[in-house]
Amino acid sequence: PAIRLAATDVKTLMNESGRSGGAGLGTGRWLGVMTIAEIALAIVLVAGAGWLIRGFENLRASDVGFTAERRLIFDVALNGPRYPNPPAIQTATNDLLGKVRALPGVVAAAATANVPLRNTFENSLFIQFKGDPFDANNPMGSRQRIVSPGFFQAMGIPLVSGRDFTEDDRAGSLGVAVVNQAFVNRYLKGRTPIGMHFMGGYPTINPDNEIEIVGVVGDVRQKSLNDEPEPSFYTSTGQFPLRRLSFVVQTSGDPASLQGPIRDEIRRFDPNMAVDFEPMPILVANTIRRQELGMTLMMMFGVAAVLLAAVGIYGVVAYAAAQRRGEMATRLALGAAPGQVFWLVLKHGAMLAAFGTAIGLTAAYFAGRLVSSQIYAVNASDPLILTAATTLVVAIAVAATTIPALRASRLDPSGVLRPD
C-alpha cells in the first residue's frame, strides 16, 4: 500500500474516493493474487507436514534388526602397561566380560567395536569367494564388524542359520565370519552360505586372508534408521583384539539399576578405566530426533500458512463485498433473495480457493518428488496426504468466505441506499 500511494497523484486518490469503486479494482486484483499464493503455499506446507508425519511414523515402525529395550551400553579403553599386546587385550576383554556377566540382573553381555546407530567407523573391504574370479570392474564389497561371542544374543539379533562365535575362534585358527542376510541376498543367491570361504582386502584382495562363513544373522540398520542394511560380515574379537570396545548388556530389569554395580566392578578391575553409560532406547530415540524436529517445525509452518490463507481470503472477500455494497443493496431492493447474494459473494472466494488449490497441488507434488528421497518411505503422490491437505485448506477457505457472504446477504437496502 505504501508503494502504491507513493506512486499515485492527488487526482487519482480523489477519484478512488468516488462512488464508482472502479479505482479499487486494481487493489482487489493484487489482493486476490496474493491470496491465491497464500492458499497454494498453505497446501504445500500442510502436505509437507503430512509427509514428515508419515515418514516419522514409518521410521518409528521400521525394524531396526535388534532389541533396544533393557539394553545398556558402556565404553572401555584398554590402554596402559597392563595391556601391552593383543593377547593381553583379549585376556582382559574376556575377564571383564566374565565379571559383568556374573552380576545379578545381567542376562547377557558382549563387546563390539561397532554399536548400531552410533555411526562408528567400519572397515570396508573388497571380497572374493574362493574359486570365483575377481571382477575388478564390478568388485563385491562388504562392511566388516568386530564383535565378541554372545553379541547377537545380547543385542537380540536373530541367528538365521549356522552358529555364533565361540572361545575357540581365536588368533592362529582359521578366520571365521558370520554374515548378514543382505550379504547372502546380494552375493550368495542359490548357494548355501555355511562353509563357504572368501578372501577380503583393500585396495586389493589379500589371498592369505581366507575366512569361512559359519553363520547367518538378520539384518541390522547400522548407520541410521533411514539407511537400508548393507552387506556385512562379523568377525570375532578373539581373532581381532581391540583396545577400544563398547559393551552391550542385556538386563532382566531396569538397566539404570546396574550402572552402579558395573561401575564398581570396573573400578576393581582397573581403577584407571573411565566408563560412561548410555541406555540403548535413548540411542535409538536420538536417531529420530532430527526427523521429529523437522516434523514439528513443518507442522508449525503449516498452521501459520493456513491461518494466513484464512485471513487473506476473509480480507479479500470482505473487501470485494464492501466495494459492492451498493450493488448488493440494489439487488436486494429489486427482489433478489438473500441466498442469491450469499452465493454471489461466496463464488468469489470459491474462485480464489480453486485457483490456489490447483497451483498448490501442482507445487506440492513436484516439491514432494524433490524431498521424497530425504523422507523415509514416503511417496510424493500419496493421495491421502494430498487430499487431506487440500481438504483442510479448502475447508478453512470456505469458512473464511462464509462470514462476509452472510454479512452481504443480510444488508438492509434502505440503510445502504438512503444516502443516495
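**Ground rules**

I call a residue buried when its relative accessible area is under 20%, exposed when over 50%, and partly exposed in between, using a 1.4 Å probe and protein chains only. I am working with a predicted model, in which local features need pLDDT of at least 70 and side-chain atom pairs count only at pLDDT 80 or more, while totals for chains, interfaces and linings use all residues. My residue numbers start from 1 along each chain as its sequence is written, and side-chain values use heavy atoms, with hydrogens and water left out.

My helices (H or I, at least four residues) and strands (E, at least two) are DSSP runs, numbered from the N terminus.

**Entry: helix α10 by itself**

I began with α10, which spans residues 325–333. Which residues of α10 are buried? I found M328, A329 and L332. They sit on the same side of α10, because the arc they cover around the axis is only 95°; that arc is taken from the directions from the helix axis to the C-beta atoms. Just after α10 I came to G335, with a positive phi of about 110°.

Two packed helices are described by the angle between their axes and the distance between the axes, so I looked up both. I take axes as lines fitted to C-alpha atoms, for helices over the stretch in contact, and angles from 0 to 180 degrees between N-to-C directions.

For α10 and α11 (residues 338–371), I noted an angle of about 155° and axes 9 Å apart. The two helices are therefore roughly antiparallel. My classes are roughly parallel for angles under 35 degrees, roughly antiparallel for those over 145, roughly perpendicular for 65 to 115, and oblique for the rest. The crossing of α10 past α11 is right-handed, meaning that the near helix is turned clockwise from the far one by less than a right angle.

Which residues make this contact? On the α10 side I listed E327, M328, R331 and L332, and on the α11 side P338, V341, L344 and V345; contact means heavy atoms within 4.5 Å. Sorted by class, the contact of α10 with α11 holds 6 nonpolar residues, 2 charged ones and no polar ones. For the classes, I count Ala, Val, Leu, Ile, Met, Phe, Trp, Tyr, Cys and Pro as nonpolar, Asp, Glu, Lys and Arg as charged, and the others, Gly among them, as polar.

**Entry: α9 and its two partners**

Next I turned to α9 (residues 289–323), which packs with α11 at an angle of about 140°, the axes being 10 Å apart. This crossing is right-handed. From α9, V316, V317, A320 and A321 meet V345, H348, G349 and L352 of α11. I counted the classes in the contact of α9 with α11 as 6 nonpolar, 2 polar and no charged residues.

With α12 (residues 383–409), α9 packs at an angle of about 30°, and the axes are 9 Å apart. That angle makes α9 roughly parallel to α12. Here, too, α9 crosses in a right-handed way. The α9 residues in this contact are V306, A310, I313, Y314, V317 and A318, and the α12 residues include L392, V393, I396 and R407. By class, the contact of α9 with α12 comes to 13 nonpolar, 1 polar and 1 charged.

**Entry: I39**

Is I39 buried or exposed? I39 is in α3 (residues 25–61), and its relative accessibility of 1% makes it buried. Leaving out residues up to four places away in sequence, I39 touches A309, I313, L352, A353, G356, T357 and V393. Its C-alpha atom is 7.5 Å from that of V306, a residue 267 places away along the chain.

Most residues other than glycine have a negative phi, and most peptide bonds are trans. I went looking for exceptions.

- R70 is not a glycine, yet its phi is positive at about 60°; it lies in the loop between α3 and β1 (71–77) and is partly exposed at 47% relative accessibility.
- N119, in the loop between β2 (106–112) and β3 (123–129), has a positive phi near 55° and is exposed at 57%.
- Y202 and P203 are joined by a cis peptide bond, with omega about 5°; P203 belongs to the loop between β7 (197–201) and β8 (210–217).

My last stop was T237, in the loop between β9 (232–236) and β10 (244–251). T237 is buried, with 2% relative accessible area. Apart from neighbours within four places in sequence, T237 contacts Q90, I146, V147, S148, P149 and L245.
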